[in-house]
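Have the viewer open and follow along.

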Amino acid sequence: MNQLPTRQQILDWIAQNPGETAKRDIARAFGIKGAQRIELKRLLRELEAEGAVARKARRYGAPGELAPVSVLEVTGPDRAGDLFARALEWQGEGEAPRILVLTRAEDPALGAGDRILARVTAVAAETHSHEARLIRRIGTGARRILGVFRKAAEGGRIVPIDKGEAKEWLVARDSTQGARDGELVEAELVGRREAMGLPRARIVARLGDPGAPRAVSLIAIHQHGIPDDFPDEVLLEAERQEPAPLGTREDLRHLDLVTIDPIDARDRDDAVLAHADAAPDNPGGHVIWVAVADVAHYVRPQSALDREARRRGNSTYFPDRVVPMLPDRLSGDLCSLHQGVDRACLAVCIRIDANGRKLSHRFARGLMRSRASLAYEAVQAAQDGRPDAITAPLLEPVIRPLFAAYAALLRARAERQPLELDLPERRIVLSEDGRVQSVAFKERFDAHKLIEEFMVLANVAAAEELERLRRPLLYRVHEEPSLDKIDALREVAQASGFVLAKGQVLKTQHLNRLLQQAEGSDFDELLNITTLRSMTQAYYLPRNLGHFGLALRSYAHFTSPIRRYSDLIVHRALILGHGWGDDGLSAADIAQLEETAKLISDTERRSMAAERDTTDRYLAAWLSDRVGAEFTGRISGVQRFGLFVRLDESGADGLIPIREIGREFFHFDPQAQTLMGADTGLTLGVGQRVTVRLTEAVPVTGGLLLELLSVEDKGLPSGRAARARKGGKPRPPSRGPAKSRKVLRTRR
């Protein structure tokens with residue numbers, strides 16, 4: 001029996017004998033008979049699946065044209081955010097074809113270096129010759145980490161800054177790229193990772209001193225792959241833009257529109273105005289205007305600015321910097337609704353009745369001039385009777401009518417019953433040199449809520465308008481929580497002495513009723529946190545699935561096009577629907593709406609993760625000189641390996657490893673989210689008040705380690721002493737009724 005040919009021998013035969021490439025021809029050429037034909041068939045199918053050969057009818061050929069199913073290597077996204085790949089074994093003439101990878105919402109996230117099995121079709125496009133749809137991912141690119149380099153005689157080690165990376169990485173002497181001890185570096189895995197021992201890596205980038213002021217956000221930017229430098233062509237295109245003229249726009253410069261933003265805001269997306277409705281058929285009603293920067297005038301479909309904005313998806317905000325979606329020429333100048341200057345806008349005029357219900361709306365593409373750039377604090381102070389020199393002349397004509405309309409909207413909100421979570425937000429204040437100066441919880445005024453209600457109203461109007469016009473758009477979708485998560489929330493509620501009824505279609509009003517039961521009690525924050533964790537994440541979709549959290553049938557993002565690409569798409573759809581110009585939603589925009597939705601949903605999550613990591617690192621830096629100090633807090637999470645505690649003073653989260661909890665065996669109950677001591681019966685659960693000692697704070701990772709001192713103001717029993725007295729091994733924990741366990745507690 002002849003030996004089967006190698007894969008390369010088969011490929012060589014096909015290339016040299018193009019007229020004899022059927023399976024029987026190949027079998028005859030290599031003397032393959034009997035059962036070996038089955039093995040040959042398997043080998044040919046493998047080559048076909050990998051794209052090494054292409055089958056035409058009953059014959060195989062050298063892949064001068066890509067096989068319908070090919071193995072590809074992802075080369076990464078281009079500046080427009082489109083994902084491209086190359087054929088791994090291209091044997092045709094010239095350069096390998098450029099392949100656009102079309103992803104769907106359910107596909108896994110792909111990155112440069114990933115290998116995929118995909119269906120490939122030839123297309124006639126300017127930027128690529130083939131398109132591919134993922135079948136499955138079959139391999140990933142070289143794994144990378146960010147860490148601190150520690151030099152040694154044989155090269156060195158990299159200490160990862162990612163809290164989830166437990167092992168250090170070894171670096172050979174010839175792979176250090178000249179990195180210095182203590183320097184922040186990026187490295188990639190080399191060779192195969194051994195089952196035992198440390199992984200080996202080579203340094204690919206040196207990033208400087210990790211302890212330098214303002215390095216914290218740079219670490220997050222690099223670690224999460226957030227683009228922070230604009231290509232030259234994008235900057236040049238932005239600099240060439242000029243202020244939009246009135247032209248055919250509606251002149252809105254007579255309106256007393258004002259912007260209300262944080263005191264340190266650099267870009268101002270939206271302006272507002274309200275006044276009583278003079279129509280006799282709407283007694284007690286109001287007219288509300290929301291004017292939003294007309295970004296679409298400057299960022300045209302398929303332009304360099306557009307491709308870069310789509311790739312970024314959104315702006316990312318850190319305590320010391322903003323990574324904007326658009327260059328400063330637009331975000332801080334031409335598209336920002338500064339006081340006293342003409343600015344292009346898309347505006348909506350909305351009539352509401354005395355109870356805040358929307359009666360009608362009208363959209364316009366106009367030119368506006370903001371009367372004042374106001375801060376939340378100043379507006380609230382004026383409303384409360386403490387106007388300053390700026391707000392005093394605006395109090396009666398502008399500020400009072402805004403709050404009157406807001407009061408009406410609150411009545412509609414109470415009827416609609418959106419989810420009413422109350423969770424404090426931290427504010428990190430930095431000194432001029434970038435070091436943490438203070439950490440506090442942000443004050444929340446009615447002025448904040450006023451703007452939020454106006455924005456929600458405008459977003460609803462935009463979605464309904466595009467539905468009326470039958471134009472495609474991106475909805476902001478928030479699906480209702482899963483049954484499993486609601487059951488888990490119900491268990492926590494019952495253990496805390498509250499009720500979340502079963503056997504009904506879940507609505508936000510049911511969750512609000514639960515939160516109202518807990519309001520003011522020891523379980524207030526616990527129920528807010530647990531309710532939040534039961535929610536799904538909101539995302540973008542070209543189809544309407546409603547917004548559960550806001551209790552709205554149709555919802556789209558319209559009010560922040562400077563910092564969100566989704567809003568720019570909605571603006572273009574309105575421009576197209578109303579025939580306001582040639583810069584509306586393009587055919588290309590519409591064709592890739594599904595891909596755009598997935599891309600910007602992913603970039604939003606990326607920004608959230610980077611912002612969260614940065615906050616953790618700043619908090620660790622803030623607490624690093626207080627190691628050994630005692631703090632009070634609440635248990636915020638329970639895992640088999642220990643407890644997470646949120647500190648009252650700063651809102652920072654730290655870990656108490658299981659070894660530091662007590663000197664006995666602890667049983668982990670994942671459903672009840674508790675740890676129970678085998679000897680003492682001590683039960684630790686989410687929400688309990690604890691006193692802890694800070695034992696370690698690592699700014700570069702954001703990690704805090706804590707030692708448990710007391711629970712609910714009571715010292716810890718000694719499990720080891722209890723075992724010694726009993727002279728035996730730990731007994732298994734008894735599972736008593738839920739009401740007999742120590743319950744979960746938390747603080748507002």
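What follows goes from the whole chain down to a few side chains.

Keep in mind that this is a predicted model. The protein chain holds 17 helices and 34 strands. Of its 748 residues, 51% are buried. Looking at contacts between residues at least 6 apart in sequence, 66% join residues at least 24 apart. The accessible surface is about 35400 Å², and carbon and sulfur atoms account for 49% of that.

Now for the aromatics: the structure has 4 aromatic pairs. Two of them are listed here.

| Pair | Centre to centre | Angle between planes | Type |
|---|---|---|---|
| phenylalanine 363 and phenylalanine 558 | 5.6 Å | 90 degrees | edge-to-face |
| phenylalanine 641 and phenylalanine 644 | 6.0 Å | 90 degrees | edge-to-face |

The pair of phenylalanine 363 and phenylalanine 558 links distant parts of the chain, 195 residues apart. Phenylalanine 363 is in strand β20, while phenylalanine 558 sits in the loop between β25 and α14. Both of these residues are buried. Over in the other pair, phenylalanine 641 is partly exposed at 46% relative accessible area, and phenylalanine 644 is partly exposed at 30%.

The charged end of arginine 312 sits over the ring of phenylalanine 230, 3.7 Å from its centre. Likewise, arginine 476 has its charged end over the ring of tyrosine 540, at 4.6 Å from the centre.

One last stop: is threonine 615 buried or exposed? Threonine 615 has 18% relative accessibility, so it counts as buried, the cut-off being under 20%. This threonine 615 belongs to helix α16, residues 593-623. Leaving aside residues up to four places away in sequence, threonine 615 touches Arg426 and Ile428.

Definitions and conventions
Residues are numbered from 1 along each chain as its sequence is written. This is a predicted model: local features need pLDDT of at least 70, side-chain atom pairs count only at pLDDT 80 or more; totals for chains, interfaces and linings use all residues. Side-chain values use heavy atoms; hydrogens and water are left out. Helices (H or I, at least four residues) and strands (E, at least two) are DSSP runs, numbered from the N terminus. Buried means under 20% relative accessible area, exposed over 50%, partly exposed in between (1.4 Å probe, protein chains only). Contact means heavy atoms within 4.5 Å. Accessible areas come from the Shrake-Rupley method with a 1.4 Å probe; for residues, only the protein chains shown count as cover. Rings of Phe, Tyr and Trp (its six-membered ring) pair if their centres lie within 6.5 Å; planes under 30 degrees apart count as stacked, over 60 as edge-to-face and the rest as tilted. A charge sits over a ring if NZ of Lys or CZ of Arg is within 6 Å of the ring centre and within 35 degrees of the ring normal.
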